[in-house]
Amino acid sequence: MSGTSASGAAVASAPVRNPLFPVGVDLYPLDAERASFSDWYDRDLVDDFAAMADAHFSLVRVFVSWKLFEPQVGQYDDEAMDRLGSVLEGARTHDLRAIVTFFADDRLAEMNEVPWAKKRDPRTDDYLIQREISLVQRVVNHFRTDAAVWAWELGNEAFFTGFETEERLQAWARTLKDAIREVDTARQVVLGVGAETLVRETGVDAREAIDGFEHALSRVTAPYLSYMAEGPLTYGPATYLDSFLLRSNSRTLPVLADGVGVHSLDGSVAEEAAYVRTALFSTVMNRGAGVMLRRWRDLEAEKREPYFRDPYETLVGVTGPDGEPKPALEEVRRFIRTVARLDLQRYALAPERSAVVVPVERYELLPSLAGLYDPRSCLQSYIAAKEAHLPVTLLSEGDDPDGFMTLFVPSAGKLSPDMWKSLASFVQSGGSVVLSYGGGDADPALREIFGVDFLGDHGVRQVVSCRIAQPGLLGDLSAFDARLDLPHYALVGGGSATVVATDATGSPLLTVNQYGQGRAVFLAAPLERAIAQSDPWAAPEPVKGLLRTVYGSVARAAGSGPVVDCDDPVVEIAQFQGDGDDVVCVLSHDMASRTATLTTERVVASVTDIRGGKAADVQARSFGVPLGPNGAAVLRLTYG
Amino acid sequence: MAGRPGAAEQAETLARQGQVGAAVAACYEALAIDHGQPRIHALLAHLMLEGDFYDEAIAEATAAIEADPDCSPAYLALGLAYDRRGGMWDQSLLVWHELAEVAPDLVTAHVQLGEAFSAAAFEEEAVESWRRALELDPKESRATYNLAIDSLKREGMALALPLFRQAGELDPSQDELFFALLGLKDAPVVQVDPARVKPNRDARVGAAGLALKADDFFAAADLVRLVLDEQPDDAEALALAAYAYLKQEAANEAMACAVRALSLQPDLVTALYCLGVVYARRTGLSRHAARVFIALAKQAPSHALVHVLLAESLLGLQRYEQAGKAYRLAVRLDPACVRARFGLAAAYLTEGRYAEASWEIRRAAYYDTKRQGLFWRLYDGYVGGGDGQ
């Protein structure tokens, strides 16, 4: 990477973009509600591109209008093609590369509403699919040598929510991808949808379809946000949702964090900026392959009484309707500048040795409630692990846990027999598992692995009581009584497990069992689900503390503890390891200013802000990092 | 075709017992027999709402309304789902309008309609709705809180404070705090006959507390008088007297008794409570109230309402940041405390944190409607009206 010396310090010509971490933004065809479909990119975009270039964006997403391109069957509008060419030329002139999206619905520009389709479904109708192939090949062929194109994208979230089965989606995706590949073998092809949000929205599991492409996407949609974390965006669960979703969508492909930004105008511009900052840094700290911002300009909504604030206005950009930059854009600019100095070829994120297991039951549809409860429980488990400063990721039930040392199984109703076998073998060979009871009958393997006899479900409780039976065995726990609705409580007894904590009546709450080479920890209450289903923004601190203490303690004992520790649970840490020196990203998930004390395994000689400036001598294992509200810092550490 | 009666009734029974999973399964069983039962769709909407699964709640409530446009419990579930989901205020407005027509005496419909108007920045219409709610029920505290928030936005804290105080006085849980401090939180409300109380000090003080809980001030006064006749310096009895005076709007007497009790036992929580409340009700005594409530918060830190009372006095002193901290602590102790949620919203508004203020108001509405058990009232009325199939 140019611009950095051998020691990694910034030199005069500091890089302005990180080629391994592109940042882009969606440029929608219409910016005003009063505009017509025919106004598709029919405006001067020079100022927009210039502003994007000035902020050092790498990517811009543009959308093809089928309606405009093919007004009559088989008759293509050359002017539309020219207009797209002008857009791409504008991007190229400003050193931007484009993601060209074919079948997108922005609920305004009517891009897929070809009048001759006669209400047939473009996802399933054979004739329309043939027309789609024709359109895609025509556009790709026209621009196949255009260096401005970074990737071809088949559709967007709104389009894909129309699919009703996996088979249909896979068939459509394969057909369209093959059509592009016939014409262009060089550029990447992206499906354009995140698996986790799509399954929530439609029940369609797109994971296999996505695996056939070159990039995966992760997009926090408005319905998904309201389902998972409907509260404030500047603290609590919402600040972890972007990275959780990124991890959820991460399988074998690099994942672009898509649609970063707020959905509504409820917050102040400062709140928007704080949320954008959190999402941006979360992405780079959690193995994101890049970021696409939700929208460049705010949509200018029509002022018609009494509903002048209509849903379209919720399309919020990083600049105002007049192009005036918002504080969020300044955050993006700062982020790009910072991340440009992070040499991702030289520094690699510390490997995650802990994982939250997402149960297969998560894909069950109603009347099973597991599909509704489990993602929320997993998010709370993920947050607890983050608050314990563990490098953590998500693992789907059935995936190979090889490489992990600690698994968290949060409040699952049931696991498959294969999963129980996998857990048994994982623990026996030295891994650690923390499993919380999720209701219903327990599998016989519970006794074998966790060393407890399941005696039944005591049912609903309103108070979580904790009394310590074995101090210090699973971290520094303390007794408490806290108001929290528990949907279940497992009554357990006997067995070989050691009771670490009980409820107020002496019934085990927390047990640990040595099984083979590893440890199996059982929580008798579905604490993750209870936090998720009550009020995660006001969850009792003792309960959250219990969870993160147990998670942290078990992971430490298993050798998968924090690589850099911190005294503040709301501060997230990610360490990029280099040869001889490291880069540490620090992110506050709270709106209060604070100073986080970081503790490393080795004595730190000096700390330097990655953006430049003078190195601060430390000569200690611990040092403080001042953070503003939702603040982030990226620091290079050298060791003595 | 009417569904098998057993399936629908079983679903209802399970839903009332809070067995969400089993109730949902029973609802699906009932719908498998007859898909068009609005009451079952409404029930499912309610169950989904209980789990905060808003999109599912909206789908089920919509199905219920499509099957029967007069299905009032479905309107309630639909409106609440729109409001809690956020960003769907326009749909929410229409639903609350409809519900106000279907159930014109339902105070909550007007309160919610006001909140939907407010979210849509139609402040005048919002105020009209809340006033309409107060016409129907002058003791509707959420409408009063909303008016206080509106006043805060328009005119500032000085003019909003009296409304916050007024709403606080409508809060029945404040009395519950006194009895919790007295150790009678779980005691039943029973009539006390002073003649049958054992003639010793402890029995009389205990019985006086029970009499106060039953709003029997004469019996309480008799018992307290007997205690004080024997021992005029009994701080606990003086605190009971202070509370009795407080409840009868005799502020000076209440203050005198509480001050005397505290001079005898400075950490007596019941006396601290009475003195703090007396000061809080008097204009210009916020500083005194805050000092007393700080002492009370030290003595009884686990009671959410103690922190609310402290926060309200701090609002009066324009110490918004500290008030916000006290409110946040109260919310942590009791997330369902509507009074703390509205207060916190007010504190956030003074700091320009609008999104968080709006969230707190939404959570207040969430807990308030949950506490009222409105769905079951409407549901029983709907099913009992014979049009539930």
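Let's start where two helices of chain A touch: A:T239, A:D242, A:S243 and A:L246 in helix 10 meet A:T278, A:A279, A:S282, A:T283 and A:M285 in helix 11. Sorted by class, this contact between helix 10 and helix 11 of chain A holds 5 polar, 3 nonpolar and 1 charged residues. Keep in mind that the model you're looking at is predicted.

How do you describe a pair like this? Two packed helices are described by the distance between their axes and the angle between them. Here, helix 10 (residues 238-248) and helix 11 (residues 269-285) of chain A have axes that come within 9 Å and cross at roughly 35 degrees. As for handedness, helix 10 of chain A makes a right-handed crossing with helix 11 of chain A.

Now find the sheet in chain A. It's an open one, built from 8 strands with parallel pairing, and the strand order reads 5-4-3-2-1-8-7-6. Which strands sit at the edges? They are strand 5 (188-190) and strand 6 (216-219) of chain A, and each pairs on one side only. If you compare neighbouring strands of this sheet, they are turned by 25 degrees against each other on average, direction ignored.

Let's zoom in on one pairing in chain A. Strand 1 (residues 23-26) and strand 8 (residues 288-293) run in the parallel sense and pair over 3 bridges. Look for A:V23, and you'll find A:V291 of strand 8 in chain A standing opposite.

Finally, hop over to chain B. It's divided into domain 1 (1-86), domain 2 (88-168) and domain 3 (171-261). Taken over C-alpha atoms, the centres of domain 2 and domain 3 of chain B are separated by 37 Å.

Definitions and conventions. Residues are numbered from 1 along each chain as its sequence is written. Chains are lettered from A and ligands numbered from 1 in the order in which they are written. This is a predicted model: local features need pLDDT of at least 70, side-chain atom pairs count only at pLDDT 80 or more; totals for chains, interfaces and linings use all residues. Two strands pair if DSSP finds at least two bridges between them. Helices (H or I, at least four residues) and strands (E, at least two) are DSSP runs, numbered from the N terminus. Axes are lines fitted to C-alpha atoms, for helices over the stretch in contact, and angles run from 0 to 180 degrees between N-to-C directions. A crossing is left-handed if the near helix is turned anticlockwise from the far one by less than a right angle, and right-handed if clockwise. Two residues are in contact if their C-beta atoms, placed from the backbone, lie within 7 Å. Ala, Val, Leu, Ile, Met, Phe, Trp, Tyr, Cys and Pro count as nonpolar, Asp, Glu, Lys and Arg as charged, and the others, Gly among them, as polar. Domain bounds come from an automatic or database domain assignment.
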